[in-house]
Amino acid sequence: MKALVVERLAQDFAGCAVREVATPAAAQGEALVRIRAASVNFPDLLMTRGEYQLKPDLPFTPGLDFAGEVAALGQGVDGLEVGAAVVGGTRTGAFAEYIAVPAKALRPKPARLSFGEAASYGAAYLTARVALVRRANLQPGEWVLVHGAAGGVGLAAVDLAKAMGAKVIAASASDDKLAQVSRLYAPDAVVNVAGGFRDQVKAITGGRGVDVVYDPVGGDVFDESLRCLAFDGRLLVVGFASGRIPTVSANIPLIKGISVMGVRAGEYGRQFPDKGAEDQAAVWAMAQAGTIRPHVHAEVPLERWREAFDLLAQRRVIGKAVITP
């Protein structure tokens with residue numbers, strides 16, 4: 001089969017190439033899935049440079065979220081049939097024509113979602129749910145400021161927060177992106193963060209500030225976000241797409257009565273398996289019902305994987321870029 005292989009860690013994806021590799025077999029309790037779509041997530045890009053928490057041994061195939069059809073079943077698998085349309089998540093391996101995964105890790109693909117949409121759902125919406133529900137305890141009517149609102153995890157947070165009854169401010173440095181976010185998900189307000197955004201946020205909230213900040217950007221955005229929070233506010237640290245990991249002086253949380261909370265959705269599920277299962281079930285139930293829906297910016301074939309990576313790396317994507325092996 002063909003797969004995208006990281007042969008060495010390097011900048012600008014220089015260590016990546018599409019190669020012919022052995023097709024995996026479904027072992028005991030596993031299913032072999034013919035991948036129809038796999039979405040690109042920021043951790044995928046970081047892993048090609050060795051800059052993510054997870055550092056797989058070389059060579060490896062990146063790719064977290066996928067959707068496809070069951071091609072074969074290993075022994076001991078019940079309740080799943082060859083040909084069934086499924087979705088799944090993995091830590092590596094999805095940018096390939098086939099993947100073998102534990103059958104219990106697969107879910108039926110919601111009929112209302114295409115393969116590309118289903119592949120764009122798992123990590124982004126699970127991150128949004130763990131952040132907004134588990135960590136921030138977001139309540140209906142609260143104000144939430146979502147940075148990087150046009151990106152995969154940001155757009156999922158806008159979508160989910162709206163579905164939860166919160167009042168959403170979508171933030172980006174691009175007016176064009178904000179216009180598209182408004183068209184797709186109708187946030188309550190938008191702010192362009194270029195040149196500063198504190199005064200805009202305070203004006204939108206009547207001078208009070210927001211209850212929750214969802215920040216996958218870090219850097220200067222994090223610094224200014226601290227000053228956008230209302231008393232007892234919560235700042236969710238989701239990532240550092242800006243490249244700078246910020247710091248906070250302890251007097252600021254003390255004076256403002258705020259909390260700074262880290263978000264690692266996958267690790268949260270591993271630490272609290274029962275809650276993790278609840279979160280998975282909740283986001284997929286909402287997908288099945290059509291309450292929330294991912295947006296696919298582009299689908300590109302495996303041979304053109306770099307186009308999908310560049311869309312994310314250069315912040316030109318609205319929602320998700322998807323690779324179709």
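Student: What is the count of residue pairs in polar contact between domain 1 and domain 2?
Tutor: Eight residue pairs, with both residues at pLDDT 80 or more. A polar contact is a pair of N or O atoms within 3.5 Å; within protein, one must be able to donate a hydrogen and the other to accept it, and residues adjacent in sequence count only if both atoms are side-chain atoms. By class, the side of domain 1 that touches domain 2 has four nonpolar, three polar and four charged residues. Nonpolar here covers Ala, Val, Leu, Ile, Met, Phe, Trp, Tyr, Cys and Pro; charged covers Asp, Glu, Lys and Arg; the others, Gly among them, are polar.

Student: What should I know about the model before reading on?
Tutor: This is a predicted model, in which local features need pLDDT of at least 70 and side-chain atom pairs count only at pLDDT 80 or more, while totals for chains, interfaces and linings use all residues. Residues are numbered from 1 along each chain as its sequence is written, and side-chain values use heavy atoms, leaving out hydrogens and water.

Student: Where do domain 1 and domain 2 lie in the chain?
Tutor: Domain 1 is 2-113 + 293-323, and domain 2 is 125-267. The bounds come from an automatic or database domain assignment. The domain centres, taken over C-alpha atoms, are separated by 28 Å. Eleven residues from domain 1 and 13 residues from domain 2 take part in the contact. Contact means heavy atoms within 4.5 Å.

Student: What area is buried between domain 1 and domain 2?
Tutor: About 1,000 Å², with carbon and sulfur atoms giving 54%. Buried area is the accessible area (1.4 Å probe) that two parts lose on being put together, summed over both. The count of salt bridges between domain 1 and domain 2 is zero.

Student: What makes E278 and R134 a salt bridge?
Tutor: The rule asks for a side-chain nitrogen of Lys or Arg within 4 Å of a carboxyl oxygen of Asp or Glu. The closest N and O atoms of E278 and R134 are 2.8 Å apart, so the pair qualifies. E278 lies in helix α10 (residues 273-289) and R134 in helix α3 (residues 122-135), so the pair ties together parts 144 residues apart in sequence. Helices (H or I, at least four residues) and strands (E, at least two) are DSSP runs, numbered from the N terminus.

Student: How do you know that the side chains of R244 and D223 meet in a salt bridge?
Tutor: The N to O distance is 2.6 Å. That is within the cut-off, so the pair counts. R244 sits in the loop between β12 (229-237) and α8 (251-256), and D223 in helix α7 (residues 219-225), so parts 21 residues apart in sequence are tied together. R244 is partly exposed at 34%, and D223 is partly exposed at 25%.

Student: Why is T61 called buried?
Tutor: Its relative accessibility is 16%, which is under the limit for buried, so the label holds. T61 lies in the loop between α1 and β4 (65-73). The T61 side chain reaches the backbone oxygen of L4 at 3.0 Å. Beyond its neighbours within four places in sequence, T61 is in contact with residues including A3, V5, T92 and F95.

Student: Is G239 buried or exposed?
Tutor: Buried, because its relative accessibility is 16%. G239 is in the loop between β12 and α8. Leaving aside neighbours within four places in sequence, G239 is in contact with D215, P216, V217 and G218.

Student: Which residues of helix α11 (residues 305-313) are buried?
Tutor: W305, A308, F309, D310, L311 and L312. What covers them includes β1 (2-6), β2 (16-20), α1 (42-47), β14 (296-301) and β15 (320-324). R315 follows α11 and has a positive phi, near 55°.

How values were computed. Buried means under 20% relative accessible area, exposed over 50%, partly exposed in between (1.4 Å probe, protein chains only).
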